[in-house]
Amino acid sequence: MAKPVTVVLSRGGRSVSWVEQGAMVISASLFVALCARVTLPLPFTPVPLTLQNFGVLLVGLTLGSRRGFAALALYLIEGASGMPVFSPAGPGGVAQMVGATGGFLLAYPFAAGLAGWIMEQGKASFRRACAAGLLGDVVLFAGGLSWLAVLTHSFAQAVRFGLYWFVFAEVIKVMLAAAVSAGWHYNRKEQA
């Protein structure tokens, strides 16, 4: 008798079908799209304050490196194809991916993948989730600031536009994503 195609997803040996994995990836990409809708345009920078980064980190921390990367790659494909998944403060589509926020957007899969990979390397805890979220945010801002520097021809201007105004909010987003993720991993472990 043929066995269903499954992939082991947890250390506890629980397996999840490809259909369930696909549903998780699609749901995660839509979750980030919902987070993008919570936007506060700032008059002194072309980069709006959104919950997207929180969504990216949470997806990576909870789904792991491969599914987190896949979910955010799917998110970029959705946005590039014209679906309204990006922040409404921008033009949408490919124009948004090459605009002021393009570097942040293109870094999303890598930030989620790194955060997920760090969580997979040991026991899930709030401390590990904070470190993973912080390093994921570093990747995110490295991509975002690099692209802003290309557009503005000035790294100092890129930092003024894309970093100073966001540090406090990013600390809150990282801590919140870490807390939710650590609680999710703990509850999952208790149910196993």
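A: Helices (H or I, at least four residues) and strands (E, at least two) are DSSP runs, numbered from the N terminus. This is a predicted model: local features need pLDDT of at least 70, and side-chain atom pairs count only at pLDDT 80 or more, while totals for chains, interfaces and linings use all residues. Residues are numbered from 1 along each chain as its sequence is written, and side-chain values use heavy atoms, with hydrogens and water left out.

Q: How many helices and strands does the chain have?
A: The chain has 8 helices and 4 strands. Read from the N terminus, the order is β-β-α-β-β-α-α-α-α-α-α-α.

Q: Where does histidine 153 lie?
A: Histidine 153 lies in the loop between helix 6 and helix 7.

Q: What is the phi of histidine 153?
A: Start with the general idea. Most residues other than glycine have a negative phi. Histidine 153 is not a glycine, yet its phi is positive, at about 60°.

Q: What does the radius of gyration of the chain agree with?
A: The radius is taken over C-alpha atoms, and the globule rule is 2.2 Å times the number of residues to the power 0.38. For 192 residues, a compact globule would come near 16 Å; the chain has 17 Å, which agrees. Along the principal axes, the C-alpha atoms fill a box of roughly 60 × 35 × 25 Å. Buried residues make up 45% of the 192 residues.

Q: How do I read contacts, and what percentage come from residues 24 or more positions apart?
A: A contact means heavy atoms within 4.5 Å. Among the contacts with a separation of 6 or more, residues 24 or more positions apart account for 66%.

Q: Which residues touch the most other members of the largest nonpolar core?
A: A nonpolar core is a set of buried Ala, Val, Leu, Ile, Met, Phe, Trp, Tyr and Cys residues joined through side-chain atoms within 4.5 Å. The largest core here has 32 residues, and Leu72, Tyr75 and Leu148 touch the most other members. Two or more residues of this core come from each of helix 1 (18-37), helix 2 (52-63), helix 3, helix 5 (102-120), helix 6 (126-152) and helix 7 (155-162). Apart from it lies another core of 14 residues, including Leu57, Leu61, Ile118 and Ala129.

Q: How many aromatic pairs does the structure hold?
A: Rings of Phe, Tyr and Trp (its six-membered ring) pair if their centres lie within 6.5 Å; planes under 30 degrees apart are stacked, over 60 edge-to-face, and the rest tilted. The structure holds 6 aromatic pairs. Take tyrosine 75 and phenylalanine 86: the ring centres are 5.4 Å apart and the planes stand at 75°, so the pair is edge-to-face. Tyrosine 75 is in helix 3 and phenylalanine 86 in the loop between helix 3 and helix 4, 11 residues apart. Both tyrosine 75 and phenylalanine 86 are buried. A further edge-to-face pair joins phenylalanine 104 and phenylalanine 141, at 5.3 Å centre to centre and 85° between the planes. This pair links helix 5 to helix 6 across 37 residues.

Q: Why do phenylalanine 104 and phenylalanine 141 count as buried?
A: Phenylalanine 104 counts as buried because its relative accessibility is 6%. Phenylalanine 141 counts as buried at 10%.

Q: Which residues form one aromatic cluster?
A: Tyr75, Phe86 and Tyr108 form it. Leaving out residues up to four places away in sequence, tyrosine 75 touches Ser29, Val32, Ala33, Ala36, Gln52, Val85, Phe86, Leu105 and Tyr108.

Q: Which side chain makes a polar contact with that of serine 87?
A: A polar contact is a pair of N or O atoms within 3.5 Å; within protein, one must be able to donate a hydrogen and the other to accept it, and residues adjacent in sequence count only if both atoms are side-chain atoms. The partner of serine 87 is threonine 39, at 3.3 Å. Serine 87 sits in the loop between helix 3 (65-80) and helix 4 (93-97). Serine 87 counts as buried at 3% relative accessibility.

Q: Where does phenylalanine 161 lie?
A: Phenylalanine 161 lies in helix 7. The C-alpha atoms of phenylalanine 161 and proline 46 are 6.9 Å apart, although 115 residues separate them along the chain.

Definitions and conventions: Buried means under 20% relative accessible area, exposed over 50%, partly exposed in between (1.4 Å probe, protein chains only).
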